[in-house]
Amino acid sequence: MGNRMMRRHTPATIFMHWFNAACWIFLLATGIGLIKNDDLQPIGGWYADLMRSIFGGGANLLLAHEICGVIWAAGFLIFGLVGIRKYVIPFVREIATFSPSRDLMWLVTKGIQMTLGHKALATIARRFGFAARIPDQGFYNTGQKLFAVPSLLGGVVIAVTGVIMMLSTSVITDPTIVQWSILIHFVTVGLVFAGLLIHIYMASIAAGERPAFISMFTGTVPEDYAEHHHKLWYDEVTAASGKEASG
Amino acid sequence: MPNRLNAPISRRNFLKWSGAAAAAATAGGRTPVLHALVPANEPGTASQVEHKFSVCGMCLNKCGLIARVEDGVVTKLDPNPKFLKSRGMLCARGNAGVTQLYDPDRLKYPLLRKGKRGEGKWQRISWDEALDYAADKMKIIAEKYSRCGMLFTPGSDMQSTFVHWFAEVFGSYNITTHESSCLVSRNRAYLDTFGEVPFSDVLHSKYIIMAGANRFEALITPDSIDLMTARKNGCKLVVLDPRYTKTAALADEWYPVRPGTDMAFFLALAHVIIMENLYDPQFAAEKLSGLNELADHVMSCTPEWAETEGDIPAADIRRIARELAAAAPAAIVYPGRRTSDYINSTQIRRSMAIVNALLGNWDQPGGLLGARKVGLASPELPEAPFYEDNPDDRLDHGRAHMMFEEEGSFKHMRDAIIEQQPYPVKGWFVYKYNPMQSLANRRKTLEMIDKLDFIVTVDIAMSDTAWMSDLVLPAPSSLERQDPASGLQGSSACACVVTRDPVVPALFESRPVFDILKGIAGRLDLGEYFDFTVADYRKQQLRKLPDAEKALHEDGVYYNPSKLYGVYEGRVYKTRSKKIELHNSRYADMGIEPMPVYQPPRQIPSDRFRLVIGRNAYFTHCSTQNNALLHELMPENTLWIHPKPASRLGIRNGSTVVVSSAAGRGEIKAELKPGIRKDTVFMGSGFGVLSTGMSNIFGSGACVAELLEDYADELSGNSAMHETFVQVSRKGA
Amino acid sequence: MMKTQLAMVIDSSKCIDCKACTVACKVENQVPEGHWRNWVKHAEPDADRLARGGKDTAGHFQPGACMHCEEPTCVRACPTGATYKDEADGSIRVDSALCIGCGSCIPACPYGARYRHPEKKIVDKCDYCSARRARGELPACVVTCPTKARTFGNLHDPKSEAAILMAANSTVRVANPESDTRPNMYYIGATAPLNWPVKAQFPAPISIWAKLAKPLIWGAVGLNALGVLVMLGKQVLMADDAPEAEDPENQKEATHG
């Protein structure tokens, strides 16, 4: 089996991924920093004070957060409209296609494997009578899909509630919707952030993920990596260009 | 915190750029408070800030103020801390002067009536056209009906003196003033007792009885303020009022006196003071005339008798008399101002003046004071021409025994104009006066208007009187004017001179009445009588006070350090007997009761209520209700009615009722008040307007003038506005 | 440097309810129609006393405004600290560039001192006329009052009028017993009415955030972080964990997924 490279990500999707990551980091940092209320601040008042001193006050912090938020939302809006056929629909199809039995098994087997190791997986699989192998995955594995869907939906919710908060001082007469938006914005960010921790580990720290991480820059992955980690996708691609699959 | 809103990239600018709704107001956006006339600045961002002196024109008190002008816009009026008469304050109306200045409803251009009177159809004309028209009309009337064919009614204003002067040189004796529906009965009574109308030294008083006055709401400086200070220093306040006013709320004792019976109370006080020898015998011997006659007269006026008349317990009357006398001479029966209440209001005030006399409080700290010397001089004006074809007297002459010739009686004047007897009056010049709202019996005022060929009103707002006029001329607010000097009596606070210079230039095409009169005079060959400026006039007024101009310029006020107490030392009283007259022999000669004789007020039919009127601290009489800021304090008037009769009539709090009298009818919301007598109802003034030019209040409330029947005090001709009985019913009942 | 707590000391027995203070404030601070930064409350005797008349009929008027409390519940309701207690002078302020007008602070004030500006759409309230103070003037309501019922100053400055009156008189505060925010508005002697401030209400989103959402997110993040730590731990500790080394039977089939 040769180790030729397969194209996995386009330049556009790569850009949007890092665009998203960069915005998210900035927005998260500033957003959490905006919470200056001991009852509500998740990581302590010191952080809100730190961010304020970096940005020169709460108003500047808010402004920075809003500017980045608008850039982030506008970026995705434009990308989503322009690339609806080329990128958005295929992407959504990929992340939203679940096969309950396969995905559930993936969660179980992968979960055990990542935490307790292969040996433990074999043992437990034998004990409970299921195959000690990770089920074949498509373009995205179960875990990636389970993070992508809430990220996408969450992103929409975060953007919409963000816009509502921004419109609060211009068009909104009853501020109740603004109050709820702040809460929903916080909760959604928090939940997606929770998933983000797994995503960052799995994508960049976990053993064997190096090719995936590199592909988020180069756009390509080695064939054997693709075959091992995303067999269904690999088979699809090689079948489509049958001559490529020759060894 | 630095003002982020002026930073190159402010959050607000950013929101605009990122497509947030264009409807976003800019920082410091235009609030309804200052209306669309004024570009409102974010506080603290103006480049040019000035402070200018003036005196408030929102009521008669003329409190000194400092106007803050930012980039040519008046943004705040603050009290002048050096202004002693107001004790350095500015009330709600004074503050609302900014809103009057920038009122979008204010008159802007000369208007000529197009349709019928009261239709509200106007044609904007130029000042030249307007003055030509006015002069023309006056000339026609003068030729056809003599100069006295024009009636002049100047309101309470620092330029009203020019209206008086114009009337004089034009040649009409027919001038009536606000006083003739306000304080002429009080003036009559005190003139005929003390020979002078006094001011009260409230600040130093130790006992004050207030009957028919409401000083904590009807603000008069310094009295209203000094009353509180005096109370803090131990002064006792007893209030007689058929309704629980804020003055009643802040008094030591409040008696819901039966309206119209005050004389019984005061005669009883006199009775106790005399019978128990609670007066100073030396003062009495030296200064009082007619004590024996009075003693006989009040012999039967016992507190027990007074109780049956006025519902005030006899024991309390007796006690109050003793307490009052014990506090004398620093004790006052407060004379009040608006005494336009009963057909015997002059005699009622005589009884009050008599009690004051017995207290020996004249010219004493805490008592009644004569006028202090202010020192303004009369400008030297040319002698007014004489008009051969003029009648002998003013139109309302002889209709009241003791009318003040220079104030007249508007009620009687109106009757005479309707009757066209003894001669016709066909023209009317109105300045800053609104009898359509302020005078009892609006239908009669309309009847009078019907008889007139020409009505011109000079005002800042389209008042109901302006609404009914033929020519409406826009006047500027006091903040836009240069005015003559005016002398103010501040009792123990001061005797002072005030004046005005423009804080901002006159808005739109408004012109001070002086300019208007000068313009008309010029067109009537009377230009020589108006051949001066207000500045000239003022200079002449101040010519005997060398320090005045500097003080006015630097402090906004000039104080004359004139004598306060002891002004009457070595002087006689300006009466026939040269003493204080408990018994007035001149009255006797004229066939009038020389000492007040009690008459019970007219019986109220069982299905009716007596309607009383009054004031509050938010409005000035019948004007300012439309002021956007003051309007928020009270958007409409209500009918105060006691819950018991209300429930009998099926009236709930806030429900609409129909009020009717022999004069007219109105619909108004009811306000249930346990603090009003069951036989009495009350409503405030200035609502139920006909004029759509008062856009905030048009359609709200009811017009009290429509309901009041036009009685008058027999002696002074003062309007008697508490004599009306009304029927009240639930709307739809 | 002297600690500063700006406050008002009011002799409400002097108040005649002329509303000069409310109108002066409106003009000075361009307060929009339908809203007020300050107020005068009133207490009237009951109907029986009014019916009897005489001595027992006293009423009372009570001027008030934002009380710039020591323990402000409004600050507790604000997510961003856009409203805060100024350390420099003890006043409660609204940062107009940070406030987005969510209005959470409004029901949190027992005195109803706050409102959402209908045009600016941010929260507004008494700020002791900060622009006037910057010019060395007193607040508009204090200066304009006919009877000088309101005094103002730094409670910690013995020369200030407010401090002098505090020292010379017994004072009371008006507070809701369930939400005693320790207001910095002191009434000399006695005042009425007393029972009008309401319990501070925090809007549902804010209380949900504090009581449910914050622990929920902590839980979710903590759980996931724990998962990451476990996986990381396994990765570090079981460095040679590969399917080939352990189970030849599964060699061909086992894959990293």
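1. Setting aside neighbours within four places in sequence, Thr620(B) is in contact with Met58(B), Cys59(B) and Arg93(B). The model is predicted. Thr620(B) sits in the loop between strand 21 (609-612) and helix 23 (628-633) of chain B. The contact with Arg93(B) has a polar part: the two side chains make a polar contact at 3.0 Å. Is Thr620(B) buried or exposed? Its relative accessibility is 12%, so Thr620(B) counts as buried; the cut-off for buried is under 20%.

2. Pro385(B) is another loop residue to look at. The loop runs between strand 13 (368-369) and helix 15 of chain B. Pro385(B) counts as partly exposed because its relative accessibility is 26%. Not counting residues up to four places away in sequence, Pro385(B) touches Val169(B), Leu526(B) and Tyr529(B). Glu168(B) is 217 residues from Pro385(B) in sequence, yet their C-alpha atoms are 8.3 Å apart in space.

3. Now the salt bridges. Over all chains the rule counts 72. One of them joins Lys236(B) and Glu253(B), with the closest N and O atoms 2.8 Å apart. What does this pair tie together? Lys236(B) belongs to strand 9 (residues 236-240) of chain B and Glu253(B) to strand 10 (residues 253-255) of chain B, so the bridge ties parts that are 17 residues apart in sequence. Glu253(B) has 0% relative accessibility and therefore counts as buried.

4. Arg414(B) and Asp710(B) also form a salt bridge, at 3.4 Å from N to O. Arg414(B) is in helix 15 (residues 410-419) of chain B, and Asp710(B) is in the loop between helix 25 (704-707) and strand 26 (711-712) of chain B, so the pair ties together parts 296 residues apart in sequence. Are these two residues buried or exposed? Both Arg414(B) and Asp710(B) are buried.

5. Asp415(B) has 11% relative accessibility, so Asp415(B) counts as buried. Lys444(B) has 24%, so Lys444(B) counts as partly exposed.

6. A salt-bridge network also deserves a look. Bridges that share partners join Arg68(B), Glu70(B), Lys76(B), Asp78(B), Glu28(C), Arg132(C), Arg135(C) and Glu137(C) into one network. Side chains of opposite charge can pair when their charged atoms come close.

7. Which residues of helix 17 (residues 442-450) of chain B are buried? They are Arg442(B), Thr445(B), Met448(B) and Ile449(B). These residues cover an arc of only 110° around the axis, so they lie on the same side of helix 17 of chain B. An α-helix has 3.6 residues a turn, so residues three or four places apart point the same way.

8. Next, the interface of chain C and chain A. Here 55 residues of chain C are in contact with 57 residues of chain A. The two chains bury about 4700 Å² between them, and 64% of that is on carbon and sulfur atoms. How many salt bridges are there between chain C and chain A? The count is 1. Arg76(C) and Asp39(A) form a salt bridge through their side chains, at 3.2 Å from N to O.

9. On the side of chain C that touches chain A, helix 3 (73-77), helix 7 (204-237) and helix 8 (243-246) of chain C are the elements that give two or more residues. Helix 7 of chain C gives the largest share, 21 residues. By class, this side has 32 nonpolar, 11 polar and 12 charged residues.

10. Last, chain A on its own. Chain A has 11 helices and 2 strands. Along the sequence the pattern is β-α-α-α-α-α-α-α-α-α-β-α-α. The C-alpha atoms fill a box of roughly 65 × 45 × 30 Å along the principal axes. Of the 247 residues of chain A, 46% count as buried. Among contacts in chain A between residues at least 6 apart in sequence, 66% join residues at least 24 apart.

Definitions and conventions. Residues numbered from 1 in each chain as written. Chains lettered and ligands numbered in written order. Predicted model: local features only at pLDDT ≥ 70, side-chain atom pairs only at ≥ 80, totals over all residues. Heavy atoms only, no water. Contact = heavy atoms within 4.5 Å. Buried area = accessible area lost by both parts, 1.4 Å probe. Salt bridge = Lys/Arg side-chain N within 4 Å of Asp/Glu carboxyl O. Helix = DSSP H or I, 4+ residues; strand = E, 2+ residues; numbered from the N terminus. Nonpolar A, V, L, I, M, F, W, Y, C, P; charged D, E, K, R; others polar. Buried < 20%, exposed > 50% of the residue type's maximum accessible area, 1.4 Å probe, protein only. Arc of directions from axis to C-beta. Polar contact = N/O pair within 3.5 Å; in protein donor to acceptor, adjacent residues only side chain to side chain.
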